[in-house]
Amino acid sequence: MRIINANRSPKAIIHILMKFWLETPFQRIKVFRTALENFVNARPREWVALVGFRATRVEADFGYVEYRIICQHREAWQNIGPILQSKADLSSFCLEVSKKL
């Protein structure tokens, strides 16, 4: 068993998975990423930065590409409540932007 001091943990890193159809033009993916960067940058008291936006899996048989969105939160893991709320807000934003594309 390991004991972890969540207060001494570095700022929380959040991972969100998004799937886009294979036929989605790369230009739309770039627009999605720009909107995501703007969302994160508009909330400096909540987010440090958008750390990564990567295509992690291509499922040609199922017709989608999976992207991993990685963001760094301002809070340490000890403050799990605000982190989970921010993750929910970010996930909802990603869903709404993807619907508009």
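Me: In which helix does S86 lie?
Reply: This is a predicted model, in which local features need pLDDT of at least 70 and side-chain atom pairs count only at pLDDT 80 or more, while totals for chains, interfaces and linings use all residues. Residues are numbered from 1 along each chain as its sequence is written, and side-chain values use heavy atoms, with hydrogens and water left out. Helices (H or I, at least four residues) and strands (E, at least two) are DSSP runs numbered from the N terminus, and on that count S86 belongs to helix 2.

Me: Is S86 buried or exposed?
Reply: Residues are called buried under 20% relative accessible area, exposed over 50% and partly exposed in between, with a 1.4 Å probe and protein chains only. Because the relative accessible area of S86 is 4%, this residue counts as buried.

Me: With which residue does the side chain of S86 make a polar contact?
Reply: Leaving aside residues up to four places away in sequence, S86 touches E46, W47 and H73, where contact means heavy atoms within 4.5 Å. A polar contact is a pair of N or O atoms within 3.5 Å; within protein, one must be able to donate a hydrogen and the other to accept it, and residues adjacent in sequence count only if both atoms are side-chain atoms. At 2.9 Å, such a contact joins the side chain of S86 to that of H73.

Me: How many salt bridges does the structure hold?
Reply: A salt bridge is a side-chain nitrogen of Lys or Arg within 4 Å of a carboxyl oxygen of Asp or Glu. R33 and E37 meet in this way at 3.1 Å, N to O, E59 and R57 at 3.2 Å, and K99 and E96 at 3.7 Å. The number of salt bridges in the structure is three.

Me: Why are K99 and E96 separated by about one helical turn?
Reply: K99 is exposed at 58% relative accessibility, whereas E96, at 40%, is partly exposed. Both residues sit in helix 2, and their separation is about one helical turn because they are three residues apart.

Me: In what order do the elements of the protein run from the N terminus on?
Reply: The secondary structure comes to two helices and three strands. Helix 1 covers residues 26-41, and helix 2 covers residues 80-100. From the N terminus on, the elements run β-α-β-β-α.
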